Amino acid sequence: MPKSRELLDLPIGESAAIAEVGLQREPVFTAPELSIIVPTFNECENVPVLVDRLRKALPGVAWEMIIVDDDSPDGTADVARTIGASDARIRCLRRVGRRGLSGACLEGMLASQARYAAVMDADLQHDERLLLPMLAKLRSDEVDVVIGTRYAQGGGADTFSTGRKWISLLATRIANKVLGLKLSDPLSGFFMLRRNVVETYARKLSTHGFKILLDIVSTAGKSLRLAELPYQFRARQRGTSKLDTRIALDYAGLLLAKATSDLLSLRFVFFCLVGSVGIGVHFITLSIGVAVIGLSFPWAQTLAIVVAIANNFALNNAITYRDQRLTGVNYFTGLLMFYVVSSIGALSNMSVGNWLFGHEQTWWVAGLGGAIMSVVWNYVVSSLMVWRSR
Ligand code: GDD
Ligand code: MN
């Protein structure tokens, strides 16, 4: 079929090649070979410096930079777009209403068309001169992922405080043990890989936390061919680090999920812990009801149930579901719904317990079976009805 005039008359940019398609001449714009994904949150001062350094670090390579910005209040996205206006290699993906380093890296890689993708921080702590050797390793077709490491011969992180150094080494040890890896720096945020690796495992990767590399490597398993290249982790000059306790919790959650093949989530563990606190609250309220207020047992027991459920709701809302906390009117409708869910949970506890007891089980096996039944019910149903992900 003959091609339309418009198509043939397309302007041909510098990077465009001409291919012969049958008898027609058509412009062909090929994707860059390498996408450098740079997650940012409040890095407006660092982005222009990084762009300059990348321009020098990658001579002769067809590369692009995808800045994934979580709507930084300091206007990082505007800075990126201004640079991008005169250099089409600099792109910006602005995410609104969302936060998270891993999710940002994942979306950046999924927005790429390149054969290879690299992830590096915007704060200049990662050495851009490592990109070329990383690319050479991937091109040689021997490996799938090249990891920039601080903890192998030739690497370093002298800028870390002693405290952070120990935490980092401990986290490295735990990661290798739990996940059965042998990496010198599994928590590295600096790496390059064949993009199809991410394409393959994208659905299984977590969007929470900081540990995107660890997640990719442990999800893909033994089939991945890994290489490490040492570099010196530099000190941050401008802006501030975003690593905090919440990130550490997310990390614990990722390890737990991976170590149990996604059976146990940190959320479920927190839910169970809150449940056990609830048992304590129940007994304290019960004894106050009977001994101090002088209520009859059924009334004291009812009071204890009402108080314990409200306590569990408040704690779960503050800890287990801290990332989707209910507030205002939603807090009270959520609490009501939690009462309904928990009441059905208590009924199922009793019926499973009674059933087990009736089938010649000892009292404690029956009791435990009932309790497990109600915890699982409460967890699953409240995650669907009370704190449903929006
Ligand atoms: N889009 C987006 N969203 N970017 C983020 C977010 C977020 O929620 N949080 C942090 N970033 C960006 C920062 O702007 C920076 O470019 C990069 O991610 C790293 O953040 P830092 O806050 O500088 O992290 P760090 O230096 O403490 O941690 C580094 O070392 C860790 C290992 O010790 C990172 O390289 C981590 O990936 C690495 O695991
Ligand atoms: Mn940093």
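**Metal site.** I started with the manganese ion (ligand 2): its protein donors are Asp123 (OD) and Gln125 (OE1), lying 1.9 Å from it. Donors here are N, O and S atoms within 2.8 Å of the metal (3.2 Å for Na, K and Ca), and water is not among the atoms, so sites may look incomplete. I then looked up both donor residues. Aspartate 123 is buried, at 5% relative accessible area, and glutamine 125 is buried too, at 12%. Buried means under 20% relative accessible area, exposed over 50%, and partly exposed in between (1.4 Å probe, protein chains only).

**Ground rules.** I noted that this is a predicted model, where local features need pLDDT of at least 70 and side-chain atom pairs count only at pLDDT 80 or more, while totals for chains, interfaces and linings use all residues. Residues are numbered from 1 along each chain as its sequence is written, chains are lettered from A and ligands numbered from 1 in the order in which they are written, and side-chain values use heavy atoms, with hydrogens and water left out.

**Ligand 1.** Which residues come nearest to ligand 1? I found Glu43, Arg99, Asp121, Leu187 and Lys242, out of 26 residues around it; to be near, a residue needs a heavy atom within 4 Å. I sorted the shell into 10 nonpolar, six polar and 10 charged residues. In that sorting, Ala, Val, Leu, Ile, Met, Phe, Trp, Tyr, Cys and Pro count as nonpolar, Asp, Glu, Lys and Arg as charged, and the others, Gly among them, as polar.

Next I checked polar contacts (pairs of N or O atoms within 3.5 Å). Oxygen atoms of ligand 1 lie 2.6 Å from a polar backbone atom of leucine 187, 2.8 Å from one of glycine 100 and 3.0 Å from a backbone N or O atom of alanine 122. The protein covers 97% of the 750 Å² of accessible area that ligand 1 has on its own (Shrake-Rupley method, 1.4 Å probe).

I found histidine 282 in helix H10 (residues 266–293); helices are DSSP runs (H or I, at least four residues), numbered from the N terminus. Histidine 282 is buried at 15%. Beyond its neighbours within four places in sequence, histidine 282 is in contact (heavy atoms within 4.5 Å) with Gln301, Ala304, Ile305 and Ala308.

Valine 306 belongs to helix H11 (residues 297–320).

Key
A polar contact is a pair of N or O atoms within 3.5 Å; within protein, one must be able to donate a hydrogen and the other to accept it, and residues adjacent in sequence count only if both atoms are side-chain atoms. Helices (H or I, at least four residues) and strands (E, at least two) are DSSP runs, numbered from the N terminus.
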